[in-house]
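User: Please take a close look at a single part of this protein. Keep it simple, and go step by step.

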Amino acid sequence: MYLTTRKSLKRVFVLLDGRHGLKVNDREFLSFLDSNKVRFQVVLTKTDLVLPLDLGRRLALLNSELGAFRAAVAPVLLTSSRLLTGMEELRQHVQRLVPWQTRATPLDV
């Protein structure tokens with residue numbers, strides 16, 4: 001399987017709907033990643049659709065649950081594609097994982 005055999009894979013970004021938090025399938029997938037020592041970072045999406053107080057509670061609960069996974073990478077990233085919040089932070093986390101030498105460059109024509 002790609003996720004367990006790819007040596008160059010630095011991290012898996014797991015997108016979770018911020019309105020729901022962790023579901024059974026999510027926990028199973030995170031356990032799979034953890035048991036295979038695949039580092040992962042959670043990205044909460046649709047955070048604009050959750051009241052700030054509820055989002056804070058969900059985030060606290062999620063952080064608590066993620067503490068059980070050795071392969072989990074902090075912090076949980078909060079995003080909203082509608083408002084574009086958190087997108088730049090997510091982009092920066094991804095770019096930090098890509099060695100500068102291997103980043104795509106324009107082709108010489």
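Analyst: Start with residue classes: Ala, Val, Leu, Ile, Met, Phe, Trp, Tyr, Cys and Pro count as nonpolar, Asp, Glu, Lys and Arg as charged, and the others, Gly among them, as polar. By these classes, 4 nonpolar, 3 polar and 6 charged residues line the largest pocket. A pocket is an open set of points on a 1 Å grid over the protein atoms alone, where a 1.4 Å probe fits, with protein on both sides within 12 Å along at least five of seven lines; lining residues have an atom within 4 Å of a point. Of the 13 lining residues, Leu 3, Arg 6, Leu 9, Lys 37 and Val 38 are the closest to the pocket's centre. Helix 1 (residues 2-5) gives the largest share of the lining, with 3 residues.

The model is predicted: local features need pLDDT of at least 70, side-chain atom pairs pLDDT 80 or more, while totals for chains, interfaces and linings use all residues. Numbering starts from 1 along each chain, and side-chain values use heavy atoms, without hydrogens and water.

Now the part to study: strand 2. The protein has 4 helices and 3 strands (DSSP runs of H or I, at least four residues, and of E, at least two, numbered from the N terminus).

Phe 40, Val 42 and Leu 44 point one way. Gln 41, Val 43 and Thr 45 point the other way. For the whole protein, 30% of the 109 residues are buried.

Next, its partners. Strand 1 (residues 12-17) runs parallel to strand 2, joined by 6 bridges (pairing needs at least two DSSP bridges). Here Leu 15 stands opposite Val 43. Strand 3 (residues 77-78) also pairs with strand 2 in the parallel sense, over 2 bridges. In that pair, Leu 44 has Leu 78 as its bridge partner. Between these two strands, the chain crosses through helix 3 (residues 52-66), and this β-α-β crossover is right-handed (clockwise from the first strand over the helix to the second, strands pointing away from the viewer). Strand 1, helix 2 (residues 24-35) and strand 2 make a right-handed β-α-β unit too.

Last, a neighbour. Thr 79 sits in the loop between strand 3 and helix 4 (87-97). Thr 79 is buried, with a relative accessible area of 5%. Beyond four places in sequence, its contacts include Val 43, Leu 44 and Thr 45 (heavy atoms within 4.5 Å). Thr 85, Gly 86, Met 87 and Leu 90 are also among the contacts of Thr 79.

Definitions and conventions:
Buried means under 20% relative accessible area, exposed over 50%, partly exposed in between (1.4 Å probe, protein chains only).
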